[in-house]
Amino acid sequence: MTSISPSMVSQDDLNAAFKRLKGISQQHAFPTVQVRTQLLDSLLKAIKQHEDALLSALQKDFGHRALAESRLVELVPLVGEIKHAQKKLHQWMRPSRRKVHISTWPASAKVMYQPKGVIGVISPWNYPVLLCLGPLVGAIAAGNRAMLKVSEFCPETNKILRVIVEQSLGDKWVSFMEGDVDVANGFSQLPFDHLLFTGSTSVGRIIMRNAAEHLTPVTLELGGKSPLLVAPSANLEDTAKKLVFGKSMNTGQTCVAPDYVLCQSAQKVDLIRYIKQELARYYPDGILSEDYTSVINERQLARLKGYVDEATKAGVACENLMPQGPIESEGKLAFQVLHQPDDTLGVMQEEIFGPLLPILTYSDMSEALAYIQQRPRPLSMYLFTQDAQDQTRCEQQTVSGSLVINHTLIQVAQADLPFGGVGASGMGAYHAEEGFRTFSHSKSLLRKRGPNMLALLRPPYRRGIHALVAKYWPFL
Ligand code: NAD
């Protein structure tokens with residue numbers, strides 16, 4: 001297993017690991033469906049075997065994170081994805097038959113799905129298990145070797161991930177790398193056959209520039225500001241429940257967490273009241289509740305508090321919605337609403353990625369949809385409505401990675417739905433069949449048999465034949 005200690009990873013190590021996997025992928029270029037299924041199976045078994053260690057490592061890395069929450073958000077979707085891939089792999093790998101033009105008859109045509117080779121995966125800290133092993137599932141299902149670069153902010157989780165990957169797949173399939181920005185930068189400059197990056201939009205730009213050097217195709221799974229639009233017909237109590245579910249999970253440190261709310265002024269008081277009620281049910285002791293997750297580190301905490309300070313100084317009212325307890329304690333920060341912050345403030349310029357919730361008001365749906373349309377395309381959009389027309393307008397007029405009606409976050413756990421952003425929130429997708437296609441090369445295969453009709457069309461061009469061609473062929 002190529003498992004090099006984080007502090008010691010050099011560019012030579014990265015190059016050597018890549019070269020080795022590339023060599024193996026060239027020697028064993030097309031693993032059978034049985035081999036791939038077996039690899040996925042052993043990955044699944046290793047995850048199960050190390051489940052407890054993984055959950056407690058996550059807890060250590062976050063300072064505090066409920067075991068149940070980690071299981072729910074990291075392992076449930078991951079296991080679902082592995083099982084779905086195992087079930088569908090045979091079907092996904094089947095070549096797709098295509099038509100042959102009459103001029104080429106007799107012949108057969110198809111598209112085969114070939115492993116691309118060596119896939120690079122760079123993952124962030126917020127869901128360090130799911131976002132490292134999830135892309136790996138797609139890469140392995142498509143028959144590739146993979147190099148993983150995990151986040152430097154989750155050292156405890158990385159130790160267990162390394163064991164899982166080492167035990168289940170081994171060094172013929174995977175190389176596991178830890179390291180800081182320098183390692184990540186060098187990693188993204190390797191001539192991968194495909195590179196999947198999950199992280200911030202700003203780093204996504206660097207990754208794409210690095211990948212351009214080798215024309216490495218990239219999938220960018222980025223972040224951004226995912227709006228939650230409360231339509232006039234929305235059931236406010238239901239909206240608040242699902243909003244709290246989506247925003248409090250991992251304390252809002254979720255790429256698809258609702259970033260801000262758009263509602264009508266007449267809805268605002270009730271909506272906030274219901275949010276408070278739901279938070280009191282979730283966290284009766286406020287941020288001191290066992291199940292409330294910490295912000296991952298000091299830097300992130302300072303960033304979030306900076307947004308609140310800046311907004312407060314600008315005259316924005318910030319309201320703590322927790323039922324009781326302090327606003328901050330041991331890396332935990334209370335769920336707070338910011339009333340109508342303007343666009344110049346950090347909290348509206350940047351992805352929040354924490355327990356702060358700006359609430360903006362709109363007068364009619366056209367205004368709300370225009371607000372969303374005029375901003376960078378989000379990773380997710382949430383619409384709460386009872387009105388089919390609102391839904392259709394939203395489907396057609398907004399562009400986002402995913403659109404969820406009357407819930408939040410649940411799109412991520414759908415093994416049969418692709419996941420990815422658009423515009424500033426990313427490009428390309430994985431999960432489901434789309435993941436398999438992302439990591440496969442769709443190669444056109446054309447096999448010619450029998451007589452060669454095209455031989456009639458070579459110089460010297462005979463008049464009769466070409467008159468016939470001119471008349472009919474373009475339209476056949
Ligand atoms: P980040 O962009 O800071 O880091 C992500 C990874 O990139 C890490 O492994 C890091 O080591 C590496 N990296 C950092 N700087 C780099 C550089 N200059 N060159 C090359 N690699 C570099 O992101 P983060 O703080 O770990 O995660 C939070 C961000 O990730 C948020 O914006 C969130 O929305 C996004 N995210 C997106 C998804 C998604 O699926 N779309 C999922 C989770 C998180």
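Predicted model: local features only at pLDDT ≥ 70, side-chain atom pairs only at ≥ 80, totals over all residues.
Let me begin with Arg-375, which at 25% relative accessibility counts as partly exposed, where partly exposed means between buried, under 20% relative accessible area, and exposed, over 50%, with a 1.4 Å probe and protein chains only. Residues are numbered from 1 along each chain as its sequence is written, and side-chain values use heavy atoms, with hydrogens and water left out.

Arg-375 forms a salt bridge with Asp-343, with 2.2 Å between the closest N and O atoms; a salt bridge here is a side-chain nitrogen of Lys or Arg within 4 Å of a carboxyl oxygen of Asp or Glu. Arg-375 lies in the loop between α13 (365-373) and β16 (380-384), and Asp-343 in the loop between β14 (336-339) and α12 (346-349), so this pair ties together parts that are 32 residues apart in sequence. Helices (H or I, at least four residues) and strands (E, at least two) are DSSP runs, numbered from the N terminus. Asp-343 is also partly exposed, at 30%.

Turning to helix α6 (residues 155-168), Lys-159 and Glu-156 sit 3 residues apart there, about one helical turn, and their side chains meet in a salt bridge at 3.3 Å, N to O. Lys-159 is partly exposed at 47%, and Glu-156 is partly exposed at 24%.

What about Glu-152 and Lys-149? Their side chains meet in a salt bridge at 3.5 Å, N to O, and here Lys-149 is buried, with a relative accessible area of 3%, whereas Glu-152 is partly exposed at 31%.

Across the whole structure, the search finds 15 salt bridges.
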